[in-house]
Amino acid sequence: ERVTAATEVENFAKSLQAQLGSMEAEFQQMQQEYQVNEAIYTDLVKQDKESEIQGLYQRIQTFQQNAQKSLQTKEQEMLEPILAKARKAIQDVATEGNYTYIFDKSIGSILYAKESENVIDLVKKKLGL
């Protein structure tokens, strides 16, 4: 499931990258055309071309930001069912095996802790609080 999700996210990223590449190529072409013809453009045409180039530049910037957010959302959307399934399996194993804690030693975190093991009241008592 993870491999399938990663492949789908990668394909989505490639499609976004292709679209961005197309926009950047159009931007480069517009800039080159402007530079080649700048000397023959009237002031009005120059202003129009500059506005056009600036507008495309802003669209590219906006697209990049939106694409990044969209990619993060897609990745989260694809991974959440897998993570939920894993969390459920960990919870089931912990309950069935009557485990107090389950650690993920690869990242040093607790994946499961039995609620009844909260010792904060004992610590407070020991500290005289």
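This report describes aromatic contacts and a nonpolar surface patch in a predicted model.

Local features need pLDDT of at least 70 and side-chain atom pairs count only at pLDDT 80 or more, while totals for chains, interfaces and linings use all residues. Residues are numbered from 1 along each chain as its sequence is written, and side-chain values use heavy atoms, with hydrogens and water left out.

The structure holds 3 aromatic pairs. Rings of Phe, Tyr and Trp (its six-membered ring) pair if their centres lie within 6.5 Å; planes under 30 degrees apart count as stacked, over 60 as edge-to-face and the rest as tilted. Among the pairs are these:

| Pair | Type | Centre to centre | Angle between planes |
|---|---|---|---|
| Phe-27 and Tyr-57 | tilted | 5.8 Å | 40° |
| Tyr-34 and Tyr-41 | tilted | 6.0 Å | 40° |

Phe-27 belongs to helix 1 (residues 2-37) and Tyr-57 to helix 2 (residues 43-97), so their pair ties together parts 30 residues apart in sequence. Helices are DSSP runs (H or I, at least four residues), numbered from the N terminus. Phe-27 is buried at 12% relative accessibility, and Tyr-57 is partly exposed at 36%. Buried means under 20% relative accessible area, exposed over 50%, partly exposed in between (1.4 Å probe, protein chains only). Both Tyr-34 and Tyr-41 are buried.

On the surface, Val-119, Ile-120, Leu-122, Val-123, Leu-127 and Leu-129 form a nonpolar patch with about 620 Å² of accessible area together. Such a patch joins nonpolar side chains (Val, Leu, Ile, Met, Phe, Trp, Tyr) within 5 Å, from residues with over 30% relative accessible area and no salt bridge (a side-chain nitrogen of Lys or Arg within 4 Å of a carboxyl oxygen of Asp or Glu). Accessible areas come from the Shrake-Rupley method with a 1.4 Å probe. Leu-127 is in helix 3 (residues 120-127) and is exposed, at 59% relative accessible area.

Note on methods. Helices (H or I, at least four residues) and strands (E, at least two) are DSSP runs, numbered from the N terminus. Patches are made of residues with over 30% relative accessible area and no salt bridge: like charges are joined within 9 Å, nonpolar side chains (Val, Leu, Ile, Met, Phe, Trp, Tyr) within 5 Å.
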